[in-house]
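I opened the model to look up charged side chains. My notes follow.

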Amino acid sequence: MNQLRPARERALEELLTRLQPRLRAILAGHRIPYQDAEDLIQQSLLAYLYKQDSVGDAEKWLIGTVRNRCRAYWRERRRSFTTSMDAALLEEVAEPGTTGQQRIEFRHDLEAALEQISGRCQELLRLRYAQGCALPEAARRMGYRPSGIHKTLGRCLAALASRLVANGLVGRLRRRDGERA
């Protein structure tokens with residue numbers, strides 16, 4: 001029965017068996033959660049199956065692809081965090097349910113966190129949120145390329161988020177939201 005299976009299928013199975021410890025080590029080294037690790041391996045294998053005729057060294061290619069997918073995984077996680085941070089900031093500032101005092105306290109805490117990040121990030125975040133400037137316009141005003149402004153904004157939001165967490169504002173917001181519920 002085993003002889004009837006195509007040679008490519010057997011070769012792929014042998015390759016996976018040989019690479020499994022190394023792939024697991026790469027995934028563990030990048031701290032990829034188990035449920036996502038299996039998906040990354042399957043995506044890499046699927047990409048390999050599409051490109052196997054043009055791949056010189058399957059072992060090196062698969063290892064490199066899994067490493068790249070691990071990096072892309074964390075980049076996407078950071079991007080989704082900063083996007084949710086972006087939405088949360090806008091929501092908090094504009095939320096109609098907050099009292100005048102709560103809004104004043106939030107803005108004070110936000111301003112304190114802003115003062116702790118780089119001047120360029122402060123400027124970009126103020127253009128974007130305080131002045132309501134669209135990202136392409138903010139890029140033009142600051143001398144950035146419009147194509148790279150999203151990445152820059154993401155780094156600035158990540159810096160602000162880390163300051164908000166370090167200053168304890170995120171915990172206070174969660175507690176306050178729990179009190180409202």
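Is R140 buried or exposed? I read R140 as exposed, because its relative accessibility is 56%. The cut-offs are under 20% relative accessible area for buried, over 50% for exposed and partly exposed in between, with a 1.4 Å probe and protein chains only.

The model is predicted: local features need pLDDT of at least 70, side-chain atom pairs count only at pLDDT 80 or more, and totals for chains, interfaces and linings use all residues. Residues are numbered from 1 along each chain as its sequence is written, and side-chain values use heavy atoms, with hydrogens and water left out.

Next I looked up salt bridges (a side-chain nitrogen of Lys or Arg within 4 Å of a carboxyl oxygen of Asp or Glu). I found 8 in the whole structure. R140 pairs with E137 at 2.6 Å, N to O. Both sit in helix α6, 3 residues apart, about one turn of the helix; helices are DSSP runs of H or I, at least four residues, numbered from the N terminus. E137 is partly exposed because its relative accessibility is 27%.

R141 also bridges to E137, with the closest N and O atoms 3.1 Å apart. I noted R141 as partly exposed, at 46%. Beyond its neighbours within four places in sequence, R141 is in contact (heavy atoms within 4.5 Å) with L127, Q131 and C133. The C-alpha atoms of R141 and L127 are 9.1 Å apart.

I then checked E38 and R24, whose side chains form a salt bridge at 2.9 Å, N to O. This pair links distant parts of the chain, with E38 in helix α2 and R24 in helix α1, 14 residues apart.

How values were computed: Helices (H or I, at least four residues) and strands (E, at least two) are DSSP runs, numbered from the N terminus.
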